Amino acid sequence: MHDGAPLRQRPWLFPLLMALCALGLAWAFAGTKDVAVCAFELLPLTAVMVVFAVRRRWFRFSDLSYVLLTWFFFIQCLGGRYEFANVPFPQAVIDALGLARNPVDRIGHFFQGFVPAVLLREWLIRRRGLPRGRTLFWLVTGCCLAFSASYELLEMTVVKVWYPASGPEWLGTQGDPWDAQMDMTMALCGAITAQLLLRRLHERSIARAEQAAR
């Protein structure tokens, strides 16, 4: 899976990424106008990051997986600080692309499929021994779509229980009645894109991680 060059993980990378995530978390909460929304966007993923850090003693993901997870965390920090519907985005770009709404939420949902696809693919290969191929591809894709659907159901539950009066405003649908379906579609596209686009790079990063684990 690699060209024979020395494969070494970067031991300094994970602590650096976690420090950047901590700064991002502080930045998001320090500037948010709605602490509840910020907490909803960031605390679940923060818990995931803590689990990854604790479990790293027993299983270390590849550097690529950690970098992508950090990237996704930064996107959530934006959503937590500003709310996704209000994240600053160049109006000139929106007009040039003919968009009817702020696209940051759609971008976030794309990476909601993109990043978990890489993490799940690696876990299934290294911990469950699944062979590369179509079965792995479609299993990862289906799980990522299921994860996105679960998130939409969670959002619906939170609104119905705690914010029944605000509804679409809290969800940031921006007037789109098909917002939940489009969010899931973006996650599906992200999961497929990640597996097709990053396969070779991911295999090399996995090889580094496996060599370091020996």
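These legends walk you through close-up views of helix pairs in a predicted model.

**View 1. Helices α1 and α2 pack against each other.** Start with helix α1, residues 13–31, and find helix α2, residues 35–55. The angle between the two is about 165 degrees, and their axes lie 11 Å apart. Angles over 145 degrees count as roughly antiparallel, so α1 is roughly antiparallel to α2. The crossing of α1 past α2 is left-handed.

**View 2. The contact residues of α1 and α2.** On α1, look for Phe-14, Met-18, Cys-21, Leu-25, Ala-28 and Phe-29. Their partners on α2 include Val-35, Cys-38, Leu-42, Thr-46 and Ala-53. What classes of residue make up this contact? There are 13 nonpolar residues, one polar residue and no charged ones.

**View 3. Helices α5 and α8 pack at an angle of about 40 degrees.** Here, helix α5 spans residues 104–126 and helix α8 spans residues 179–197. Their axes are 7 Å apart.

**View 4. The contact residues of α5 and α8.** From α5, the contact includes Asp-105, Arg-106, His-109, Phe-110 and Gly-113. From α8, you can look for Asp-179, Met-182, Asp-183, Gly-190 and Thr-193, among others. How many residues of the contact fall into each class? The contact of α5 with α8 has 10 nonpolar, six polar and four charged residues.

Conventions: Residues numbered from 1 in each chain as written. Predicted model: local features only at pLDDT ≥ 70, side-chain atom pairs only at ≥ 80, totals over all residues. Heavy atoms only, no water. Axes fitted to C-alpha atoms, helices over the stretch in contact; angles between N-to-C directions. Helix = DSSP H or I, 4+ residues; strand = E, 2+ residues; numbered from the N terminus. Parallel < 35°, antiparallel > 145°, perpendicular 65-115°, else oblique. Left-handed = near helix turned anticlockwise from the far one by under 90°. Contact = heavy atoms within 4.5 Å. Nonpolar A, V, L, I, M, F, W, Y, C, P; charged D, E, K, R; others polar.
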